[in-house]
Amino acid sequence: PRYEDIDAHTRMLCEEVILNKSVDGKHVDRFLEFAEAVKNGPAPVADAPAAPTLTIKKSTPPQQKDALRSLKCEVTCTAEHIKPLPGAGIPDVCRLEGTID
């Protein structure tokens with residue numbers, strides 16, 4: 001951010017630490033308290049209801065397989081396929097004829 005974009009309180013604390021001077025000499029302590037407050041955020045309000053806890057259940061391999069199979073969709077390619085000369089390179093598995101199950 002630009003110098004002017006930093007709020008006045010934060011800018012004052014940073015200037016005191018960078019220039020290593022303040023009226024009472026406690027600029028480092030003030031800066032550390034500010035940093036802890038920013039890091040930890042505001043204290044939770046006691047009256048606010050707690051958010052529901054998210055529970056994640058581990059799925060079994062058959063459930064995972066079923067979920068992946070349910071994602072199938074039909075894909076069609078309208079591009080013109082170029083057939084390589086016989087014996088030229090290895091076959092491209094994406095261009096093989098037929099379906100894959």
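Predicted model: local features only at pLDDT ≥ 70, side-chain atom pairs only at ≥ 80, totals over all residues.
A salt bridge here is a side-chain nitrogen of Lys or Arg within 4 Å of a carboxyl oxygen of Asp or Glu.

**View 1. Helix α1 and its buried face.** Welcome to α1, which covers residues 8-19. Thr 10, Leu 13 and Glu 16 are the buried residues of α1. Seen down the helix axis, these buried residues fall within an arc of 130°, so they line one face. That buried set packs against α2 (27-40). On the face turned away from the buried side, look for the exposed residues Ala 8, Ile 18 and Leu 19. Just after α1, Asn 20 adopts a positive phi of about 55°.

**View 2. A salt-bridge network around Arg 30.** Glu 16, Asp 24 and Arg 30 are linked in a network of salt bridges. Arg 30 meets Glu 16 at 3.0 Å, N to O. Arg 30 belongs to α2 and Glu 16 to α1, so this pair ties together parts 14 residues apart in sequence. Asp 24 also pairs with Arg 30, at 3.0 Å, N to O. Glu 16 is buried at 14% relative accessible area, whereas Arg 30 is partly exposed at 26% and Asp 24 is partly exposed at 45%.

**View 3. The Arg 2 and Asp 5 pair.** Here the two side chains form a salt bridge of 3.6 Å, N to O. Arg 2 is exposed, with 55% relative accessible area, while Asp 5 is partly exposed at 47%.

**View 4. Gln 64 in helix α3.** Gln 64 sits in α3 (residues 61-69) and is partly exposed, at 39% relative accessible area. Its side chain makes a polar contact of 3.1 Å with the side chain of Ser 59.

Definitions and conventions: Residues numbered from 1 in each chain as written. Heavy atoms only, no water. Helix = DSSP H or I, 4+ residues; strand = E, 2+ residues; numbered from the N terminus. Expected span 1.5 Å × (residues − 1). Buried < 20%, exposed > 50% of the residue type's maximum accessible area, 1.4 Å probe, protein only. Arc of directions from axis to C-beta. Contact = heavy atoms within 4.5 Å. Polar contact = N/O pair within 3.5 Å; in protein donor to acceptor, adjacent residues only side chain to side chain.
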